[in-house]
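Welcome! Please take a moment with the sequence and the 3D view below, and then follow along with this short tour of side-chain contacts.

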Amino acid sequence: METSQTVDSLEKNCFTVKEITQKVKTLIEEGFSLLWVEGEITNLRYAQNGNVYFNLTEEDAGIKAIIFNGQKNGEIFSYLKNGLKVLCWGKLNFYPKTGEVYLIVRRVEPIGKGLIELRKEQLIQKYHHWFDPNNKRSLPPYPQKIAVITSLFGAALQDFLKIVSERWELQVLIYPSRVQGEGAEKEIVQAIKDINEYFSDVDIIFITRGGGSAEDLAPFNTEEVVLGIRASKIPVVSAVGHERDYTICDMIADKRCPTPSAAAQEVIPDKVKWLEKLGLYKKKLKQFLDIILSRKQNSLYQVRLDLTEKSPLKTVYHLENFLKNRSNKLELIFNRFLDFQEKRIFELKGALKRHHPKEILQIEFERLQTYRQFLDLSLENYLKTYENKVTNFKNLLRSLSPLNILERGYSIVRKVDTKKVVKSAKEVEVNEPLEIKLSKGSLIVKVLRIQDEV
């Protein structure tokens with residue numbers, strides 16, 4: 001009541017935003033013209049226009065700084081990095097539009113590393129053996145329940161939950177905690193302890209938050225967080241800041257993800273992909289089973305063929321056919337042998353018959369008869385021939401016989417004693433007896449006179 005009365009009693013001296021920002025600009029820029037400011041560089045970034053933006057920090061205090069492209073010193077520029085403690089000379093500039101104060105830096109002198117970076121290096125050196133990847137615990141591939149330690153008001157939680165709900169159906173326990181500012185590390189460690197103590201069925205603990213300055217991420221570079229994560233029996237995933245931010249919480253955690261969204265994508269299985277993969281596995285399994293079934297069927301068919309081929313009935317059948325074939329062949333051979341022997345016997349019989357004395361005698365007899373007939377015929381022919389010849393000769397002789405001449409009236413005169421035919425009168429003498437052969441009979445006469453041939 002007293003305060004309200006006091007405010008009401010005061011004269012309403014109202015300023016516009018522009019008026020107050022102008023007064024602040026005048027106060028700052030005229031009160032702090034050129035000055036040196038000492039601090040640690042954080043959130044260093046390089047704009048495309050060549051300007052360099054960063055924060056100058058000292059524990060919980062900070063001021064934004066700009067080095068315009070035209071004022072960059074090449075030698076100094078190479079020193080600039082996060083965690084570097086520097087001494088900047090420049091001028092404070094107030095921007096009424098955003099209400100922010102910037103130190104327009106014209107000169108930078110490095111004076112060593114900042115306190116935040118030094119603390120971080122000391123912790124890394126102290127607990128580096130816990131950061132060995134071989135000491136990390138493996139994460140369950142299909143978590144059923146997870147816990148998230150983060151701020152309820154950060155965008156990181158919403159991004160994380162959205163991706164988790166899209167990828168897998170599981171229980172999500174949200175443990176609200178401050179993730180920046182003084183004492184935030186104690187709340188984070190207490191959250192880890194409570195989850196391990198009261199929610200032992202949680203498969204994975206996620207510690208996450210979005211990006212921020214080095215001061216914002218300072219709780220994640222504390223020894224309390226290192227010891228708290230180390231003492232957790234549940235695997236811890238750290239997803240703090242952006243990809244370029246690398247805190248000690250990331251190092252001590254069982255898995256480090258560059259962003260909250262990346263943590264959900266890398267750790268939580270994707271239901272769609274797994275369903276596709278299961279479908280592919282199912283298809284491959286079916287193909288594999290089909291191949292195995294086909295092979296087994298072929299093997300079974302082959303075994304059935306073998307069994308059929310080796311069955312007693314088949315064997316008996318083959319033996320029966322074999323015996324039948326052999327029997328037929330043997331019968332054929334035997335028949336051929338019998339035919340051959342029969343033929344041979346017939347031939348021998350024929351030969352024996354032909355060589356039998358009776359047969360030989362018969363043959364010889366027949367031959368002899370033949371010869372005889374032939375001889376008779378030949379003799380007959382011969383006789384006929386010679387008879388004809390004799391007849392012919394006889395006729396010839398008869399035609400030439402002196403008797404025929406005698407029959408024609410001629411006679412033959414021969415000497416009586418010598419039977420020499422007297423062909424000339426000179427061959428005889430007077431009184432010599434001569435025989436005159438007539439056609440019929442002969443005469444004995446004497447030569448009475450010899451007359452010479454006229």
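## Starting at E320

Let's begin with E320, which counts as partly exposed because its relative accessibility is 38%. Keep in mind that the model you are looking at is predicted. The partner of E320 is K324: the two form a salt bridge, and their closest N and O atoms are 3.5 Å apart. Both residues belong to helix α11 (residues 312-355), where four residues, or about one turn of the helix, separate them. K324 is partly exposed too, with a relative accessible area of 45%.

## A pair in helix α10

You can find another salt bridge between the side chains of K286 and D290, at 3.2 Å from N to O. These two residues sit four apart in helix α10 (residues 271-310), so about one helical turn lies between them. How exposed is K286? With 53% relative accessibility, K286 counts as exposed, whereas D290, at 38%, counts as partly exposed.

## A link between a loop and a strand

Salt bridges number 17 in this structure. One of them joins the side chains of K419 and E435, with 3.1 Å from N to O. Here K419 is in the loop between β11 (412-415) and β12 (433-437), while E435 is in strand β12, so the pair ties together parts that are 16 residues apart in sequence.

Is E435 buried or exposed? E435 is buried, as its relative accessible area is 9%; K419, at 44%, is partly exposed. There is a further member to look for: salt bridges with shared partners connect R414, K419 and E435 in one network.

## Aromatic rings

Now turn to the rings, where the structure holds six aromatic pairs. Among them are Y95 and Y102, whose ring centres lie 5.3 Å apart; their planes stand at 90°, so this pair is edge-to-face. Y102 counts as buried at 14% relative accessibility, whereas Y95 is partly exposed, with a relative accessible area of 29%.

Which residues do ring pairs link into a cluster? They are Y142, W168 and W274.

## Charges over rings

Conventions
Residues numbered from 1 in each chain as written. Predicted model: local features only at pLDDT ≥ 70, side-chain atom pairs only at ≥ 80, totals over all residues. Heavy atoms only, no water. Salt bridge = Lys/Arg side-chain N within 4 Å of Asp/Glu carboxyl O. Buried < 20%, exposed > 50% of the residue type's maximum accessible area, 1.4 Å probe, protein only. Phe/Tyr/Trp six-rings, centres within 6.5 Å; stacked < 30°, edge-to-face > 60°.
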